[in-house]
Amino acid sequence: MSLPTQARTVIVGGGIIGASIAYHLTKLGWSDVVLLERGQLTCGTTWHAAGLVNQLRTTHTMTDLCRYGAQLFAGLKDETGQETGFRRTGSLPVARTPERLTEIARLISLGKTFGVDAHMLSRDEIKALHPLVDIDQVVGGAFIPGDGSTNPIDTTQALAKGARSSGAKLLEGVTVTGFQTENGAIRAVETDQGTIACEVAVLCAGAWTRDLGRLAGVAVPLYAAEH
């Protein structure tokens, strides 16, 4: 596929975030979307992500987003024909100290307020649910049945397939080299294969977003650290 000369939106980065943005923009009717990936889809951070899908967060908005993610991953295969590897195994946070148990209890209480199925467990209930847990090391925990895990690579491919089917162009092997700006807004994305004029540019390059942002005159407070 040749590089277009213009697009409404250019997304830089072909991991799960970039693919998800392309997918959701096309769902909103933005079919003139181009995604650029310098290597192959998922070759950056996405391929070795844990793929954990948890629904509970400390705010209602974040919980709604995470709960939507679990619903999305469960239905992508039927929509696109691409397997995602999503499984609802449930999650089992456990506490080794009373303070950590209080923190878990607060999260579970929020979950009930937000409509997420979640409940506290005693040590014996934890053992019954997961016999490999050494309950001598824990004081209690919780169970969230709707949580699970997904395959990050397969899920990204499903999002990409859905985006393509709605008109988005996903181009691999294209390196972004700079941006053209006007009055503080990006007007074009420069690559090693040509320039794409655009209305909106979205940086989804993970650990490389800081360097790309600098090319556009934007300071992104992101620092990659070995762990």
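Visitor: How many bridges join β10 to strand β11, and how do the two strands run?

Guide: In this predicted model, where local features need pLDDT of at least 70, side-chain atom pairs count only at pLDDT 80 or more, and totals for chains, interfaces and linings use all residues, 4 bridges join β10 to β11 (residues 194–203), and the two run antiparallel. Residues are numbered from 1 along each chain as its sequence is written, and side-chain values use heavy atoms, with hydrogens and water left out. Strands are DSSP runs of E with at least two residues, helices are runs of H or I with at least four, and both are numbered from the N terminus; two strands pair if DSSP finds at least two bridges between them.

Visitor: Which residue of β11 is the bridge partner of E190?

Guide: The partner of E190 is T195, and the hairpin that β10 and β11 form has 2 residues between the strands.

Visitor: What joins β9 to β10?

Guide: Strand β9 (residues 176–182) is joined by 6 bridges to β10 (residues 185–191), again in an antiparallel arrangement, and F179 has V189 in β10 as its bridge partner. In the hairpin of β9 and β10, which has 2 residues between the strands, N183 takes a positive phi near 55°.

Visitor: How many helices and strands does the chain have?

Guide: The chain has 6 helices and 11 strands. Buried means under 20% relative accessible area, exposed over 50%, and partly exposed in between, with a 1.4 Å probe and protein chains only; by that rule, 40% of the 227 residues count as buried.
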